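Me: I'd like to learn how to read a few features off a protein model. Could you walk me through them?

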Amino acid sequence: MNAIRRHASAEEAPVSLRAHHEAPTSSAAAGLGQHPSSGTRQTHTRRRPFLSRLLAAGEAIDAGDCGRARSLVEGILRAEPDTGDASERISGVFGRALLARLDGDRSGDGNLYLRSAGPRDMLAAFQLLVHATPLIRFGYLSANAAIVEAFQDADELHLIDIGVGGGTQWPFLLHRLAARPGGPPRVRLTGIDLPCRGPDPEQRLRWAGAFIGGWAERLKVPFEFHGVASAVERVDWSRIASRSSAPIAVNAAFALHHVPDASVHPTANRDAILTKIRALSPRVLTLIEPDVEHNALQFLPRLSEAIGHYFAVFQALEALLPPHIAARETIEQVFFGQEVMNVVVGEGAARVERHERRGAWQRRLRMNGFEPLRIAPHESLVRGALRLSQGFDVRGDEPALLLMRNGVSLVAASAWRPRQVPPPSRFISGLFRRTP
């Protein structure tokens with residue numbers, strides 16, 4: 001979803017605070033029926049023939065029976081599923097991805113900034129996704145609550161945002177800081193994001209800075225913005241930290257799953273980035289990620305896992321959004337459609353949508369020297385701000401806060417800090433004490 005954030009224009013503005021891997025599934029049927037971290041995922045494929053055909057097509061591809069797979073996929077696409085219910089609409093998205101795989105595509109380019117609809121269409125779709133659903137705002141509010149708590153007595157704050165996009169998370173935070181007793185702190189925001197194509201690689205970052213700065217001015221929050229147009233793997237973290245002596249918060253909302261793990265890249269991977277972030281000694285690292293596994297699984301269980309997750313997302317969109325509007329089609333076919341294409345088709349370094357479940361992220365963070373901060377105390381605040389309906393709920397599952405729908409975990413939020421090394425016990429110290 002981080003790619004979605006990049007299309008939030010500088011013109012968008014919320015008007016108030018409305019607000020190492022999991023065990024892989026053993027088969028397609030097991031992958032769709034079981035949700036290792038959050039209970040059973042009931043997708044009822046027997047009553048949804050489109051989803052059953054997708055699984056059958058995936059099994060045929062995996063078995064090398066391309067003729068049968070093509071027949072199944074083409075049959076799904078001939079049914080014009082994009083105008084039906086959630087199972088039919090998701091089948092159109094997956095059908096096109098499976099067809100691309102059958103045609104030999106292994107690139108699966110899922111980075112939305114490379115291929116997108118027009119800017120106005122993308123803006124309208126993003127505004128709808130943020131304000132009419134909790135899928136994005138849940139992460140914003142959860143991360144902001146942890147940041148406010150970590151800096152409740154600070155006079156200054158250096159916020160480093162990985163994947164800043166249009167900056168739409170930060171007006172929500174600025175509102176909370178402006179209302180702080182005793183006045184707001186001085187905020188320096190370093191926004192990291194991929195460079196734009198064309199002659200002006202920093203254009204999107206300037207827009208984001210102007211957008212957030214406008215809100216800071218209106219709310220009377222002292223504010224400074226600095227943009228870094230770079231892939232996060234190539235960021236000079238020490239240079240960023242040297243620009244300010246203020247205590248640091250690092251925010252990664254729907255961003256780090258785009259970074260490969262060590263199985264794909266031996267040095268420029270998510271473990272190396274977490275190690276570099278830890279060296280900054282941030283007061284808090286906030287992590288927001290879809291609660292699904294698309295990283296370590298092979299094709300068939302990965303397909304099954306993806307169908308279960310995105311079907312739950314499409315069901316949520318069906319419950320909250322009007323059925324026949326262009327913005328919903330952009331959300332489904334462009335935003336999430338590009339993710340599905342990459343998950344299904346991309347292999348090796350070409351697969352950039354490498355989500356991990358919360359358990360895998362928690363093990364990874366601990367392995368790289370972080371310890372969790374309690375986030376469950378923010379549960380009631382986040383739930384109240386979201387005004388949830390249509391089967392959505394927020395549930396604390398330390399060290400994570402979960403956005404649930406009908407019992408299925410869709411997004412996980414957590415907050416971390418560098419592990420505090422306890423002082424050695426008197427007994428251990430005595431072992432190394434010099435004797436006269």
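This is a predicted model: local features need pLDDT of at least 70, side-chain atom pairs count only at pLDDT 80 or more; totals for chains, interfaces and linings use all residues.

Me: Next, helix packing. How do I read a pair of helices?

Reply: Two packed helices are described by the angle between their axes and by how far apart those axes are. Take H3 (residues 49–62) and H12 (residues 299–320): the angle is about 165°, and the axes are 9 Å apart. That makes H3 roughly antiparallel to H12, since angles over 145 degrees count that way. The crossing of H3 and H12 is right-handed.

Me: Which residues make the contact between H3 and H12?

Reply: From H3 you have Leu51, Leu54, Leu55, Gly58, Glu59, Ile61 and Asp62. H12 brings Phe299, Leu300, Leu303, Ser304, Ile307 and Phe311. Sorted by class, the contact of H3 with H12 has nine nonpolar, two polar and two charged residues.

Me: On to charges. How many salt bridges does a search of the whole structure find?

Reply: The general idea is that side chains of opposite charge can pair when their charged atoms come close. Here the search finds 18 salt bridges. One of them pairs Arg89 with Glu332, with 2.8 Å between the closest N and O atoms. Arg89 is in helix H5 (residues 86–102) and Glu332 in helix H13 (residues 326–345), so this pair ties together parts 243 residues apart in sequence.

Me: Are Arg89 and Glu332 buried or exposed?

Reply: Both are buried. For a contrast in setting, look at Asp393 and Arg383, whose side chains meet in a salt bridge at 3.0 Å, N to O. Asp393 sits in strand S9 (residues 392–397) and Arg383 in helix H15 (residues 379–386), so here the parts tied together are ten residues apart in sequence. Asp393 counts as partly exposed, at 33% relative accessibility, and Arg383 is partly exposed too, at 28%.

Me: Which residues do salt bridges with shared partners join into one network?

Reply: Arg101, Arg302, Glu347 and Arg351. Within that group, Glu347 and Arg351 form a salt bridge whose closest N and O atoms are 3.8 Å apart. Glu347 is partly exposed at 27% relative accessibility, whereas Arg351 is buried, with a relative accessible area of 5%.

Me: Last one: the backbone. What should I look out for?

Reply: Most residues other than glycine have a negative phi, and most peptide bonds are trans. So exceptions are worth a look. Lys220 has a phi near 60°, a positive value. Lys220 lies in the loop between H9 and strand S5 (223–229) and counts as exposed, at 67% relative accessibility. Gln390 also has a positive phi, near 55°. Gln390 lies in the loop between H15 and S9 and is partly exposed, with a relative accessible area of 43%.

Me: And which residues does a cis peptide bond join?

Reply: Glu398 and Pro399, with omega about 10°. Pro399 lies in the loop between S9 and strand S10 (400–405).

Technical notes:
Residues are numbered from 1 along each chain as its sequence is written. Side-chain values use heavy atoms; hydrogens and water are left out. Axes are lines fitted to C-alpha atoms, for helices over the stretch in contact, and angles run from 0 to 180 degrees between N-to-C directions. Helices (H or I, at least four residues) and strands (E, at least two) are DSSP runs, numbered from the N terminus. Angles under 35 degrees count as roughly parallel, over 145 as roughly antiparallel, 65 to 115 as roughly perpendicular and the rest as oblique. A crossing is left-handed if the near helix is turned anticlockwise from the far one by less than a right angle, and right-handed if clockwise. Contact means heavy atoms within 4.5 Å. Ala, Val, Leu, Ile, Met, Phe, Trp, Tyr, Cys and Pro count as nonpolar, Asp, Glu, Lys and Arg as charged, and the others, Gly among them, as polar. A salt bridge is a side-chain nitrogen of Lys or Arg within 4 Å of a carboxyl oxygen of Asp or Glu. Buried means under 20% relative accessible area, exposed over 50%, partly exposed in between (1.4 Å probe, protein chains only).
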